[in-house]
Amino acid sequence: HAFGNYRDILKEISYSPLMAVNLSFLNSKSSAYIWEHYRIKVQADENFAREIMQLFSMGVELINLDGTTKLDHNGNNILSYTNGDIVSLSRAWTGFSLQKRRGNIESSNNRVDVMAIEPDWRDRFPKSNTATGYIGDRYPLCEDLPEKDFLKKGATYRLLGGSPMPELISEPIEFQTDDTIQRMELNLSSFLRQELCNPNELEECQFQSKVVLSNSKTCIGIECEVESIRVV
């Protein structure tokens with residue numbers, strides 16, 4: 001990270017399993033999850049939420065550009081965050097777990113790869129930031145995405161080989177076993193299929209590892225009936 005930026009460093013340490021063990025947010029679960037499954041009232045682990053602000057980024061008190069402490073109208077130091085901020089932001093660090101064990105490391109646990117996120121463990125409610133707003137402010141909501149966004153310019157598809165599983169997304173186990181779950185099979189005349197197939201002169205598909213739509217496509221067949229897709 002010598003030629004990177006501090007944001008990237010914070011991101012790396014935040015997804016590190018070693019940091020999650022050290023500051024105890026590995027396997028931290030939301031209050032709602034604990035209540036729904038165990039009928040116990042607990043709060044999310046606050047350790048990392050506190051330390052990332054106190055030690056790794058903003059510090060305890062606000063400072064001016066010259067390094068002096070900012071003061072309020074009474075001459076008191078202005079705190080960077082409150083205990084309420086810690087409680088709120090701790091909920092952002094729920095849902096992190098270890099990746100599956102590698103076959104090439106001598107350990108029963110995978111503490112090499114960045115952590116995975118367990119969606120069911122995540123806190124599903126808004127988290128306030130330290131500036132009277134909320135994390136994610138100014139970012140679009142899922143409901144703000146354009147209709148048929150999977151057909152729009154810039155939509156990205158990654159080759160999963162012969163697997164029907166969306167391996168880049170965590171899915172419940174029943175996705176593999178429930179025959180009622182709809183599988184997306186593109187029409188032979190689909191413009192999206194043509195783009196993903198990338199046929200040669202013999203009309204044989206030459207699949208690429210990654211496809212980014214260079215222009216928006218018109219929906220064909222079942223594409224016109226769904227709002228979003230994960231695997232085709």
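Here is a short walk through the structure, one selection at a time.

Before you click, note that this is a predicted model, where local features need pLDDT of at least 70, side-chain atom pairs count only at pLDDT 80 or more, and totals for chains, interfaces and linings use all residues. Residues are numbered from 1 along each chain as its sequence is written, and side-chain values use heavy atoms, with hydrogens and water left out.

**Stop one: the aromatic rings**

Select Tyr15 and Phe96. A search of the whole structure turns up seven aromatic pairs (rings of Phe, Tyr and Trp, taking the six-membered ring of Trp, with centres within 6.5 Å; planes under 30 degrees apart are stacked, over 60 edge-to-face, and the rest tilted). Tyr15 and Phe96 make one of them, edge-to-face, with 5.5 Å centre to centre and 80° between the planes. Tyr15 is in the loop between helix H1 (6–14) and helix H2 (17–22) while Phe96 is in strand S1 (residues 96–97), so the pair ties together parts 81 residues apart in sequence. Helices (H or I, at least four residues) and strands (E, at least two) are DSSP runs, numbered from the N terminus. Phe96 counts as buried at 3% relative accessibility, and Tyr15 as partly exposed at 29% (buried is under 20% relative accessible area, exposed over 50%, partly exposed in between, with a 1.4 Å probe and protein chains only).

Next, pick Phe48 and Trp93. They also pair edge-to-face, 4.8 Å centre to centre with 85° between the planes. Phe48 belongs to helix H4 (residues 47–54) and Trp93 to the loop between helix H5 (83–90) and S1, 45 residues apart. Both Phe48 and Trp93 are buried.

**Stop two: a charge over a ring**

Show Lys29 with Trp121. The charged end of Lys29 sits over the Trp121 ring, 4.1 Å from its centre (NZ of Lys or CZ of Arg within 6 Å of the ring centre and within 35 degrees of the ring normal).

**Stop three: the disulfides**

The whole structure holds two disulfides (cysteine sulfur pairs within 2.5 Å). Select Cys197 and Cys205, whose sulfur atoms are 2.0 Å apart. The torsion about their S-S bond is about -105°, so this disulfide is left-handed. Cys197 is buried, at 4% relative accessibility.

Finish with Cys219 and Cys224, joined S to S at 2.1 Å. With 105° about the S-S bond, the link of Cys219 and Cys224 is right-handed.
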